[in-house]
Amino acid sequence: LEEADYRDINEKIFDKEVSGFIDRSSNALKILAVLPITGVDQEAGKDILTGLEFGLKKLGTKYKNLSMDVVNSEGKIAVMTKKVIEKLNSTRYNLIIGELRSDATAALAGIAELKKIPLVSPTASAKEISEISDQVFQLNTTSYTFGKQIAEYAVDSLGYKTFAILSPLTEDGNESVSGFTSEVVEKGCSVLALEWYFESYDLNKQIQRIREKVLSIDS
């Protein structure tokens with residue numbers, strides 16, 4: 001209820017038992033946690049769920065109307081979407097917490113926007129997620145911001161002026177490179193070479209190309 005609606009209803013009700021229910025419900029917080037309890041990310045999902053349960057137990061000594069339901073996304077976006085929509089259509093929630101990966105969190109952010117429910121993302125790092133809706137709050141630093149911070153430290157604290165970048169060819173890697181490069185250029189420094197990789201077990205070719213690029217510039 002909005003505050004004005006709450007006051008209006010409470011003033012017109014004479015049954016004290018009903019008034020008591022309204023008073024208690026006004027301070028209630030019902031959370032929907034959306035995490036991969038099974039699947040490839042189950043260990044991380046279980047760790048976050050343990051933290052949430054610990055936090056609720058600790059807060060429960062002060063606030064009596066906290067509760068949480070859990071949706072096991074199984075690490076699959078389609079499964080997650082179906083389960084979450086079913087939950088939201090049957091129960092009213094004040095807050096959603098989840099997911100882990102950026103792509104799943106982006107899908108969850110779209111649902112949160114449609115339902116006008118705040119979403120707290122504990123780990124997703126893609127910078128576009130918080131732009132989907134003003135209902136979304138990211139706790140983790142985005143890869144883009146993290147890349148800018150690394151560049152700022154390298155230039156301002158370490159005094160470096162020229163750089164070579166070796167990055168995984170992933171969404172997070174691409175965002176990190178974009179943030180790093182933008183900060184380096186903004187500070188009047190330069191990136192001499194950029195190499196991407198898919199697997200990190202053999203980087204000889206990428207390192208060789210970086211050496212060749214730097215030597216050609218030096219000569």
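E183 is buried in the predicted model, with a relative accessible area of 9%, where buried denotes a value under 20%, exposed a value over 50% and partly exposed anything in between (1.4 Å probe, protein chains only). The side chain of E183 forms a salt bridge with K148, the closest N and O atoms lying 2.9 Å apart; the term salt bridge requires a side-chain nitrogen of Lys or Arg within 4 Å of a carboxyl oxygen of Asp or Glu. This pair links distant parts of the chain, since E183 belongs to helix α8 (residues 171–186) and K148 to helix α7 (residues 143–157), at a separation of 35 residues. K148, at 22% relative accessibility, counts as partly exposed.

The model is a prediction, in which local features need pLDDT of at least 70 and side-chain atom pairs count only at pLDDT 80 or more, whereas totals for chains, interfaces and linings use all residues. Residues are numbered from 1 along each chain as its sequence is written, and side-chain values use heavy atoms, with hydrogens and water left out.

A further salt bridge is formed by the side chains of K187 and D156, at 3.1 Å from N to O. K148, D156, E183 and K187 are linked in a network of salt bridges, and the structure holds 10 salt bridges in total.

Another of these pairs is found within a single helix: the side chains of K82 and E86 meet in a salt bridge at 2.8 Å, N to O, and both residues lie in helix α4, four residues apart, which is about one turn of the helix. K82 counts as exposed at 54% relative accessibility, whereas E86 counts as partly exposed at 44%.

Helix α4 (residues 77–90) packs with helix α5 (residues 102–115) at an angle of about 25 degrees, their axes being 10 Å apart. That angle makes α4 roughly parallel to α5, the class assigned to angles under 35 degrees, and the crossing of the two helices is right-handed. On the α4 side the contact (heavy atoms within 4.5 Å) is made by I77, M80, T81, V84, I85, L88 and N89, and on the α5 side by D103, A104, A107, L108, I111 and K115. By class, nine of the residues in this contact are nonpolar, two are polar and two are charged.

Several backbone features occur in loops. The peptide bond from G98 to E99 is cis, with omega near -15 degrees, and E99 is found in the loop between β3 (95–98) and α5. E74 has a positive phi of about 65 degrees although it is not a glycine; E74 is placed in the loop between β2 (66–72) and α4 and is partly exposed, with a relative accessible area of 27%. K116, likewise a residue other than glycine with a positive phi, has a value near 55 degrees and is found in the loop between α5 and β4 (119–121).

Over the whole protein there are nine helices and seven strands, taken as DSSP runs of H or I of at least four residues and of E of at least two, respectively. Buried residues make up 32% of the 219 residues. Of the contacts with a separation of 6 or more, 54% are between residues 24 or more positions apart.

Notes
Axes are lines fitted to C-alpha atoms, for helices over the stretch in contact, and angles run from 0 to 180 degrees between N-to-C directions. Angles under 35 degrees count as roughly parallel, over 145 as roughly antiparallel, 65 to 115 as roughly perpendicular and the rest as oblique. A crossing is left-handed if the near helix is turned anticlockwise from the far one by less than a right angle, and right-handed if clockwise. Ala, Val, Leu, Ile, Met, Phe, Trp, Tyr, Cys and Pro count as nonpolar, Asp, Glu, Lys and Arg as charged, and the others, Gly among them, as polar.
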